[in-house]
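Hello,

Please find the structure below, followed by notes on what turned up in it. Could you read them with the model open?

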Amino acid sequence: MTTALGMVQNRGLETRREGATPTEGGMTLYLKAGPDGTSVGDCPFAHFVRMVLEEKGLEYELRSSTSETKPSWLVDFYEGKMPALRHRKECYVESDVIAEYVDFFFRDPPLKPQSKEAASSAEEATDGLFPLIAKYLKNTPDGEAVDLEKKADLESGLAKLENHLTTVDGPFLTGSSMCKLDCSLAPKLYHMQTGLEAFKNSAINTPEQFPKVAAYMDSVFARDSFKRTVYPKEAVAWGWGNARS
């Protein structure tokens, strides 16, 4: 019988009885709900996790949740953080932690960068890019002096990524193979592309200004893992619209 003490000791989940090595099956991903409260929302970090799961070919159940519909154990023991991956009697939050867990225990295909040097270079090239995207998309009024400053900041971040991609031998961040860094970056660039169209009158012309970035986006957006997990542009516009209000 499950006791209150046992639930606290196990952060609201049942006691593990299987072996130490996780096996396939029994995965549930809790993530932000869309505007209707039930569809998949616009969270790029949940999208990152879903791409990792899809690249691995793992089956999982989706539970889109609002603040009102999150399970009590997730709120009480994990601060309600999402995305949250429950794998049978374990739960992990934070997208980077989830991706590491999945890649470590389910190694085929591997999603580690091709080398430490390649990983370091890619991480440096993408570091801070999403905050620049967010600051520009959230800023209002559009087109005024502060907005133009934030646009220039984002263009500088994209130029850093462009320069990195010119040195890479392959369509992805670290070469010819897709890795976790690509799964993380692709959703953020999708948000950028959608937000620029929805709110900024496409003020940054990525194909003309940053052709390597545009080609990279075409490559990662063409992956089955991206196409199977992408949410409508309307959901992205809804999310950023709330942030802009």
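A salt bridge here is a side-chain nitrogen of Lys or Arg within 4 Å of a carboxyl oxygen of Asp or Glu. By that rule, a search of the whole structure gives 15 salt bridges.

Before the details, some ground rules. This is a predicted model, in which local features need pLDDT of at least 70 and side-chain atom pairs count only at pLDDT 80 or more, while totals for chains, interfaces and linings use all residues. Residues are numbered from 1 along each chain as its sequence is written, and side-chain values use heavy atoms, with hydrogens and water left out. Helices (H or I, at least four residues) and strands (E, at least two) are DSSP runs, numbered from the N terminus.

Salt bridges

Glu54 and Arg228 meet through their side chains in a salt bridge of 2.8 Å, N to O. The pair links distant parts of the chain, 174 residues apart: Glu54 is in helix H2 (residues 44-56), and Arg228 is in the loop between helix H11 (224-227) and helix H12 (233-244). For accessibility, buried means under 20% relative accessible area, exposed over 50%, and partly exposed in between (1.4 Å probe, protein chains only). Glu54 is buried at 19%, whereas Arg228 is partly exposed at 48%.

Lys56 pairs with Asp103, and their closest N and O atoms are 2.5 Å apart.

Asp224 and Lys227 form a salt bridge of 3.8 Å, N to O. They are 3 residues apart in helix H11, which separates them by about one helical turn. Asp224 is partly exposed, at 44%. Elsewhere, salt bridges with shared partners join Lys56, Glu100, Asp103 and Lys180 into one network.

Helix packing

Two packed helices are described by the angle between their axes and the distance between the axes. Axes are lines fitted to C-alpha atoms, for helices over the stretch in contact, and angles run from 0 to 180 degrees between N-to-C directions. Angles under 35 degrees count as roughly parallel, over 145 as roughly antiparallel, 65 to 115 as roughly perpendicular and the rest as oblique. Contact means heavy atoms within 4.5 Å.

Helix H6 (residues 129-138) packs on helix H8 (residues 180-199) at an angle of about 20 degrees, with the axes 10 Å apart. H6 and H8 are therefore roughly parallel. On the H6 side the contact is made by Leu129, Phe130, Ile133, Tyr136 and Leu137; H8 supplies Leu185, Lys188, Leu189, His191, Met192, Gly195 and Leu196.

H8 also packs with H12, at an angle of about 70 degrees and with axes 9 Å apart. That makes H8 roughly perpendicular to H12. Residues in this contact include Tyr190, His191 and Phe199 of H8, and Val236, Trp240 and Arg244 of H12.

One histidine

Where is His47 found? His47 is in helix H2. His47 is buried, at 1% relative accessibility. Leaving aside neighbours within four places in sequence, His47 is in contact with Pro187, Phe226, Thr229, Val230 and Tyr231. The C-alpha atoms of His47 and Gly241 are separated by 19 Å, and these residues are 194 apart along the chain.

Regards
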